[in-house]
Structures are given as C-alpha cells and as structure tokens.
Amino acid sequence: MLCVTLSLRPSPGLRTGVLALALLAPSLVLLSMFTYWPVIGVTLRSLVEQRFGQEPSWGFGNFARLEADPHFSKAVGNTVLYALGTILPSIALALGFALALRTQTRLVAVLRTILLMPQLIPLVAAAALFVFIFLPGGGLLDYYLAKLGRPATNWLGSPDLALGAIIAITIWKNTGYYMLFFLAGLAGIPADYTEAALIDGAGLFTRLRRITIPLLGPTFGFVTVIALVNTLVQIDHVIVMTGGGPSDSTNMILYYIYQQAEQNLDAGLASAATVVCVGGLLAISVLALRSLERGIHYES
Amino acid sequence: MRMLTRAALALGIATSLMSGVAQAATEIDFFFPVPVQGKLAVEMTRLVDAFNASQSDVHATAVYTGAYDDTNLKTRAAIQAGKPPAVVLMSANFIREYVITNAATDLSALIAKDGLTDQAFIERFFPAVRQNAMENGHVYGVPFQNSTPILYYNTDAFKEVGLDPEKPPVTWQEWVDAAKKLTKRDGTTITRAGLELISSYDTLGWVTSGLAMSNGGDYYNRGWGGEVYYNTPSTIGAVQFMDDLVHKHHVMPEGVNDANAVANAFFSGRAAMIVNSTGVLGFVRDNMKLPFKVAFIPRAIRNAAPIGGASLLIPTGNTPERQAAAWKLISYLTSPEVDGGWSRFTGYFAPRMAAYDLPEMKEYLAKNPDAKVAVDQLAYATPWFATFNTVGVRKAIEDQIQAVLSGKAKVPEAMEAAQKAANELLRPYVEQTALKLPQ
Amino acid sequence: MKAERVGLALAVLAAVLWIIPFVWMLVAALRGSVSGQLDLASLWPDGPYNVANYIEAWQSGHFPLWYLNTALLCAGILAVQTITVSLAGYAFARLNFRGRGTLFVLFLLQLLLPPAVLVVPNLLMITQLGLFDTLPGIAAPYCASAFGVFLMRQTFRSIPRDFEEAARIDGASRLQVIRHLLIPLARPGLAAFAVVSVTSHWNEFLWPLMAVSSPAHQVLTVGLASFTLSSESGGDWGVIAAGTALVAAPLLVVFVIFQRRFTASLVSTGLK
C-alpha cells in the first residue's frame with residue numbers, strides 16, 4: 001500500500017523539480033543550442049592543434065601560442081584599460097545623474113530622455129557620427145577647440161589618444177542606460193531612512209556614504225556585470241573607427257578573436273582566446289553577482 | 001496570448017512572402033562590397049537587375065556585404081556554414097589566400113567551355129591586373145574594378161606658392177620641395193599640410209608597397225605567398241621617406257590619418273597634396289569645391305603604383321549548375337560595355353581592355369582628362385601585395401609604420417621587428433611548401 | 001537643498017554635452033550639399049536647407065522594407081522571449097528545487113556570450129535548422145534571454161506570495177496562476193524588458209550581417225552600413241547623418257512619448 005501511494009504521489013520535492021524543469025525547458029533547449037553547445041565546441045576546438053597543412057593533434061599548444069603572442073597581451077591590456085576607463089566613470093556618472101534626476105518634473109523628464117538617447121541608436125551609427133566629431137582639423141571637436149585657440153588634434157590617429165576617444169564614445173553611449181538602473185534602485189530605498197538621517201543633521205556626502213551607496217550595493221553589482229559584458233562584446237565602433245589601430249592601441253580581445261578566426265584563419269588560436277575570455281568574464285561576473293545575491297537576501 | 005499567436009503568425013507569413021516565389025531559373029546570390037559610396041550599391045543592384053532582365057536562365061540576387069573585410073568575413077562564414085554564395089566581388093589580393101585554402105574555384109573549365117585557354121582569357125585584361133587573378137597558370141578571379149594610387153593636388157595652392165599647376169612633382173625630391181613650399185604653419189602647428197598620405201590599416205600597406213617598389217624593391221615575392229621583403233633597403237628607404245615627411249621636413253601631420261581625415265583635409269584646403277585611390281575620383285569630383293588636378297605618384301628610382309580593387313570569384317562548394325550560372329553573371333559584368341559603364345560611374349578603371357575601344361569611353365576620357373591619368377599610370381602598375389595570411393602579414397608592417405609615424409619607433413629597428421613578425425606568421429606555410437623537401 | 005540645485009545644474013550641463021552629436025546629426029542632414037565638405041562642423045544652422053541628404057539616403061536603400069523587417073524581427077524575438085523568460089523567471093523566483101543556484105549561473109552564462117562571440121557555431125546551427133537567411137534565423141539565438149529571466153525573477157519576487165496562494169486555494173493550477181495572475185501583475189517588468197530587448201535588437205549589426213543574405217531579409221543597421229562604412233573614400237557626412245537619423249527616429253520618437261511610463265516600469269520591477 002505504501003509503495004503504491006509513493007508511486008502515485010511523488011514527493012513534493014520531486015514534483016517541484018519536475019515542474020521547474022518543465023518551466024525551464026524552453027529556455028534550456030534554446031540555450032543548449034545557441035550557448036552551451038557552441039561553448040563546448042569552442043573549448044574542444046581550443047585543444048586541437050592544427051596548423052596549415054598538418055595533421056591535427058590534441059594538446060595545449062594553442063594556449064601556449066596565445067600566451068606568446070604580443071598582440072594578445074596588448075589586446076588584453078587594452079581591454080582592461082578600456083573596461084576600467086569606461087565602467088568606473090560610467091557608473092559614477094550614472095549614479096550622479098540618478099541622484100540629480102530623482103524627482104518627477106518636466107525638466108527632469110527631458111534631461112533623462114536626453115541622457116538615454118545615445119542608447120537608442122545603433123553603435124555603428126554612433127561610430128559614424130563620432131568619426132566626424134573626432135576628425136582632425138575639420139571635425140566638430142577640433143572646430144570648436146580651434147575657437148578656443150587649440151591646435152588640431154589627431155584624436156583617433158595617435159596611439160596615445162585613440163583608446164581615450166573610444167572610451168569617450170562608450171561612456172556617452174551607455175551612461176544613460178545605467179542611470180535607469182540606479183533610478184530604479186534609488187526608488188527602492190525607503191524614504192524614512194534618508195529622512196531620519198536628515199533629522200540627525202547628516203550632510204549630503206555622509207548620507208550618500210552611509211545610507212544610499214550601501215543600500216545600492218546590488219545595483220552596483222548588476223550594473224557592473226552589464227557594463228563589463230558591454231565593454232567586451234560591443235566593439236562595432238572599434239571596427240568602424242580604428243580597426244584596432246594605430247599600432248594595435250585600440251585592439252580588444254573580441255576583435256583579436258575575429259582577426260584570428262577570420263583574417264588569419266587560425267581557428268585554434270581564436271578558440272583558445274575565446275575560452276580565456278569567457279573564463280575570465282565568468283569569474284568576474286560570478287563574483288559581482290554574488291554580491292548582488294547577498295544584497296537581495298539581506299533585504300528580503 | 002492570442003496577440004502573441006497573431007504576431008507569430010504575421011511573422012511567419014511575412015517571411016514566407018518575402019522569400020520570393022520559386023522560379024524555373026537558377027537562383028544565385030552575389031556578394032558585393034561597397035568600398036566607396038552608398039550610391040554605388042544602388043547602381044550595382046541596377047546592373048544585376050539588368051542582367052536578370054537580359055536572359056531567363058539565371059536569376060541573380062545582389063547582396064550588399066559591407067566593406068571589403070566584411071565581405072571576406074561573411075564569405076568565409078557562409079562557406080563554413082555550407083552556404084557559399086555563387087559569386088563574390090573580392091578584394092583582388094585575397095585571391096591567393098582563397099586558392100591556398102582551397103576556397104576558390106579554378107575557373108579553367110568554365111573558360112574552356114567558352115573555347116578559350118586561361119592565357120587567352122586573361123589577356124583580355126590589362127597586364128597589371130593579371131598576376132593577382134591567377135595562381136600557377138590558372139585563372140581564379142576575374143578582374144572587375146581596379147585602381148592605383150594617384151596624386152591629387154590643389155591647383156590654387158600650387159599657384160599661391162608659385163608652383164606651376166601644369167608641372168606636378170615627378171621625383172621624390174621635387175615632391176618634398178613642393179610639399180615644403182605648400183606647407184603653412186602657425187608656430188610649430190601645421191595649418192596646411194604640404195602632403196598627406198592615408199596611414200590607417202589596409203591603405204597604409206598599399207601605399208607603402210608602391211613607395212618601396214618605386215624605390216627599386218619588390219616588397220613581396222610575386223610568385224609565391226611565403227616571403228615578404230620588409231627589412232630590405234628599398235622598403236627601409238620608403239618608410240624612412242614617410243618618417244622624414246613628418247619628423248624632418250614637417251610637411252605631414254604626425255600620427256595616423258585615415259581616409260576620412262585625409263579626404264576632409266583635402267576638401268577643406270588643409271592638405272595641398274594627397275595620395276588616394278583612383279577609385280575615389282568620382283567622390284572627390286563631387287565634394288572638392290576647390291580646383292584640383294591628378295598626377296602620377298612621383299618616383300624614386302622608377303615609376304610604380306600597386307594595383308588595388310576587386311575581382312569576381314566563385315567560392316568552392318557550389319554545384320556545377322550554380323557555377324555555370326555564376327559564370328554567366330561574371331561574363332556579363334566583365335563585358336566591355338558593362339565594365340566600362342561601371343568605370344565611368346565609379347572612377348575605377350575598367351580592367352577589361354576592350355572597354356576603352358568603345359566610343360562612349362573615348363568620349364568620357366576626352367571630357368575627363370583626370371580619368372585618363374589613371375589609365376595612363378597603368379603602364380607602371382605592379383601587382384598587389386598577396387601572401388599567405390595577407391591581412392596579418394600586411395598588419396605586421398603597418399603596426400610598425402604607424403609607430404614610426406607617431407614618433408614611437410625608429411625606422412631600421414621597426415622594419416626588423418616587422419620582418420620578424422611577418423616571418424612568424426608565414427612560417428606554417430613556408431614549412432609546408434618551400435622547406436618541405438623530398439624525404 | 002542647495003546640493004540638489006547644484007546637481008541639477010550639472011545634469012543640465014551634461015545633457016547639453018550629450019545632445020551635441022544629435023544636434024549635429026540633424027543640422028548636417030538638413031544642410032544643403034552646395035558647400036561640399038566646407039564648414040560641416042558648425043552646429044549653428046546656417047543653411048541653405050533642403051532634404052537632399054534624406055532623399056539620397058532614402059534612395060540608397062530600401063527603408064520601408066528595412067523598417068518592416070526590423071520591426072518584425074524585434075516583435076518576433078520579444079513575443080517568444082516573453083514566454084521563455086516568464087516561465088523561467090517564475091521557476092527561479094518561486095520554486096525551491098535542487099540545483100537552482102547552479103542552473104541560474106548557467107543561465108547567466110548567456111549574458112556573456114551573445115551570438116557575436118559565437119558567430120561560426122551559431123551560423124552552423126541555424127543552417128542545420130534550415131533557418132539560414134531568414135528572420136527567424138536571426139532571432140533564434142535570442143529567444144532565450146538570461147537578462148530577461150533575471151529581470152522577471154526580480155519582478156516575480158516583488159509580487160506578494162499571498163495573491164498566488166489565494167488563487168491556488170481557489171483551485172487554479174500553477175500555469176493558470178502564471179498566465180492570469182502573475183503575468184498581468186508583472187507587466188511593468190515585462191515592459192522594461194521589452195524596451196531593453198527591442199533597443200538591443202533594433203541596433204544590432206554584426207550578427208544580422210552574418211545570418212542573412214537576401215536583400216529581402218535585410219535589417220536597418222546592415223542597410224545603414226552601406227553608406228557609413230566606405231573604406232576607400234572619406235565619408236559623405238550629410239548622407240551619413242540623414243541615414244542615421246532615419247534609423248534612429250522610430251525608437252527615439254517612441255521613447256520620448258513613453259519616457260515617463262517606461263522609467264516608472266523599470267523602477268517598479270524592484271530591480272536594485
């Protein structure tokens with residue numbers, strides 16, 4: 001009797017598991033086809049050593065070649081600089097904008113819209129506009145700088161400035177988007193916290209440091225991950241504006257992967273670089289999301 | 001939910017409607033890049049429509065595929081996905097690599113069906129473009145639009161500093177002298193550059209190869225894709241010449257200047273002379289409001305100008321039926337009439353020699369002497385840089401020259417580094433060819 | 001309160017900087033091409049004005065078709081995503097099952113791997129599915145969305161459990177609860193997700209360039225690139241500006257109209 005009951009009525013844990021699986025199935029099938037399978041494929045491919053006209057063999061040779069390639073280390077260095085140079089200012093600005101634009105006036109609505117507009121145009125299009133803005137001598141920036149008495153500057157053509165120019169575009173493009181998340185986060189902070197602090201006579205910066213920023217912890221985690229992913233995968237403007245130059249000074253990891261896969265037809269090196277890139281990204285994201293999870297648990 | 005279903009249904013219907021009705025004709029796709037201007041995409045579509053209207057066996061669809069590099073990328077990806085296009089208009093110097101990697105169809109059989117030998121077929125085209133279209137005596141690409149770099153100069157600026165606009169510089173010495181006279185400065189800042197060269201990736205390698213060849217060199221091994229000559233005196237001299245223009249004569253702005261920057265500087269009078277492709281002649285004519293002329297690239301030891309442009313090729317993986325259909329389209333596009341018309345529309349020269357025997361072409365050249373300069377320079381044109389891993393090997397020297405132009409490296413050391421990097425990239429191919437000896 | 005005024009003033013200053021590229025785009029697009037490339041940089045509308053650049057941009061491509069394709073693509077992706085992310089979001093928010101944490105991390109992996117990173121395997125996959133060179137082929141890799149799942153999980157968590165339990169007591173099944181109770185309550189979260197989804201797919205370039213060949217299936221960004229990515233010449237700035245304006249206009253207009261409602265939606269997801 002007992003057996004029959006068991007088989008007819010599976011344990012609640014099992015039932016929940018089956019239900020969960022059913023609900024997750026559509027996503028899991030799609031993810032398997034377009035994410036997991038390719039990742040497994042890339043990982044396997046990275047372990048196959050095959051150079052022109054030779055028989056393939058298994059091994060870590062691709063990773064050794066990757067480590068020895070100065071272009072790769074340059075691309076990694078650029079990507080780190082680019083990530084720091086975009087993420088830190090973007091997040092600081094986004095938080096600042098969100099704090100300044102929390103109210104619901106007409107002016108605030110207009111300002112929020114303007115700050116978010118860059119997010120609404122394709123990066124290829126933004127790049128086309130900025131090619132003109134940065135044009136040495138005749139471009140928008142130099143045209144107005146010349147009125148201030150500054151000589152023409154080769155923004156995209158100097159190895160010292162090109163990465164900065166690319167960073168500027170990314171900040172312009174993404175900050176408004178991150179601002180939205182901070183607006184959402186700020187709205188979730190109960191008003192009595194700040195009011196109480198105000199009554200205690202806490203100044204603006206004390207309130208920011210003691211109350212607002214700690215409570216926004218999860219938002220920081222989330223925005224950091226999104227921003228990190230953006231810096232790695234959004235390289236349309238690099239392709240259009242500099243092609244990674246001058247002298248590799250704006251080459252990024254993803255662009256390096258493209259160069260290996262499609263220009264040098266070196267699938268082994270491209271796969272190895274992808275594995276390294278995804279591994280690093282995953283590690284950083286898990287760390288950032290951990291802090292996010294903690295924040296949410298803490299609150300509920 | 002019902003709304004979603006309806007949306008999905010609408011999506012399905014619209015997609016099936018747009019995929020076109022099945023036709024009896026062989027359907028082929030033709031990838032083409034637009035390296036110059038958007039309106040060329042419209043013209044290309046028009047040409048393909050005219051081809052479709054001219055016969056009923058083949059229906060071709062023109063697919064715009066971005067710039068040259070995007071087209072290469074997309075073609076490679078399509079081959080890997082098992083869906084190669086029937087015809088691609090490919091940067092002419094990529095053909096060698098397509099042959100090395102077995103990605104281009106040997107056109108000999110199709111040519112033979114027309115009753116021609118490969119040699120007889122290729123002799124319909126200008127000598128300068130033949131080498132890049134062939135490997136080992138077989139034709140793999142059919143030249144369609146070609147260019148060489150030429151000198152564009154602002155005649156007002158010439159007059160202003162007492163130079164004769166009818167006598168452009170002919171030697172490097174005259175070139176530097178003219179550039180010095182033409183340069184205007186405000187303190188140490190250049191307000192009008194005497195000369196600007198395009199120094200972004202791709203064009204930089206092209207321009208450098210021309211200067212090195214003019215300086216007596218070969219720059220790369222024309223017959224075999226495993227050797228480049230980056231640390232030879234001819235190349236070192238050519239790169240030193242560019243370095244001097246920036247850091248010794250101060251007639252060219254420091255750093256890398258891309259095609260946008262150079263064109264804009266020329267149009268606004270901030271550069272008196274520029275070197276650019278003959279393919280942008282139409283674009284310059286449309287945008288340059290100041291009077292200008294064109295001339296041969298000045299020479300060091302001999303006149304030389306590398307070929308640029310694109311050829312039509314059939315990627316491997318196409319059925320014989322599709323190959324035959326592709327050949328029809330290629331034959332149409334490279335006929336003297338069509339190729340000549342495209343040349344007049346774009347500014348590229350027509351590689352098909354017979355195009356210049358047509359009355360409309362003679363009339364056009366009489367009216368546009370600048371287009372004639374481009375054709376005349378063909379007598380000195382040299383084949384385009386093509387190796388195993390062309391882009392990577394080209395980038396090896398470009399990275400170093402960009403560092404030189406930015407004041408970050410000295411020429412001889414930079415060229416040693418470029419040679420070393422290039423050798424490393426070429427090694428796998430070299431080991432499997434020249435160094436693979438009978439056992 | 002003084003600090004707030006300073007903050008607002010700084011935000012105004014930033015907004016002025018932020019809008020300059022758009023002002024230039026509009027001015028340059030309307031500026032007649034008579035002056036060639038001279039003084040293109042001036043932001044001051046100095047004429048003469050005409051719509052020649054818009055006409056040239058419009059005629060350089062098939063904008064009506066591109067608009068339609070892009071709209072269909074975005075709508076189709078969103079339609080399927082709505083189903084997949086709601087179901088998965090619910091599972092992660094409400095069900096306690098073994099391996100939930102691990103599965104969630106596995107989902108998030110997709111955030112890091114958009115099709116742009118996995119072009120070749122994804123192309124192979126859609127070819128095997130017979131979807132190469134179709135709009136569903138561009139859409140397929142996006143039909144599951146880690147970002148959406150994350151957002152919906154947060155949204156469902158912010159809805160009190162009591163509603164759901166009351167409905168369950170009344171005899172509703174879980175699917176009925178999701179469909180008739182939770183989805184309507186989660187509308188603000190879905191709206192926020194919709195905006196993020198539509199903007200990103202409207203603006204994507206590399207993957208559609210690779211996945212589709214026929215001009216009949218071309219989308220806006222790929223079309224736009226035909227006159228912005230000219231490598232040999234310099235840019236035709238007026239036409240580039242006009243083309244960019246044409247591509248960006250629909251989203252900009254929609255956003256300006258619905259700005260308040262959208263921000264409110266996002267705020268209400270409880271995403272922090």
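A quick word on ground rules. This is a predicted model, where local features need pLDDT of at least 70 and side-chain atom pairs count only at pLDDT 80 or more, while totals for chains, interfaces and linings use all residues. Residues are numbered from 1 along each chain as its sequence is written, and chains are lettered from A and ligands numbered from 1 in the order in which they are written.

Let's start with chains C and A. Here 76 residues of chain C are in contact with 69 residues of chain A; contact means that the C-beta atoms, placed from the backbone, lie within 7 Å. On the chain C side, the elements giving two or more residues include helix H1 (2–30), helix H3 (63–94) and helix H13 (237–268) of chain C. Helices here are DSSP runs of H or I with at least four residues, strands are runs of E with at least two, and both are numbered from the N terminus. That side of chain C divides into 56 nonpolar, 16 polar and four charged residues. For the classes, Ala, Val, Leu, Ile, Met, Phe, Trp, Tyr, Cys and Pro count as nonpolar, Asp, Glu, Lys and Arg as charged, and the others, Gly among them, as polar.

Now for chain B against chain A: 29 residues of chain B are in contact with 22 residues of chain A. The largest share of the chain B side, five residues, is supplied by H18(B). By class, this side has 10 nonpolar, 13 polar and six charged residues.

Let's stay with chain B. It is divided into domain 1 (24–147 + 308–382) and domain 2 (149–306 + 388–432), with bounds from an automatic or database domain assignment. The C-alpha centres of these two domains of chain B lie 28 Å apart. Their contact takes 24 residues from domain 1 and 23 residues from domain 2. On the domain 1 side, H17(B) provides the largest share, four residues.

Strand S8 (residues 184–186) and strand S9 (residues 189–192) of chain B run antiparallel, joined by three bridges; strands pair if DSSP finds at least two bridges between them. Asp186(B) has Thr189(B) in S9(B) as its bridge partner. Thanks, everyone!

Key. Two residues are in contact if their C-beta atoms, placed from the backbone, lie within 7 Å.
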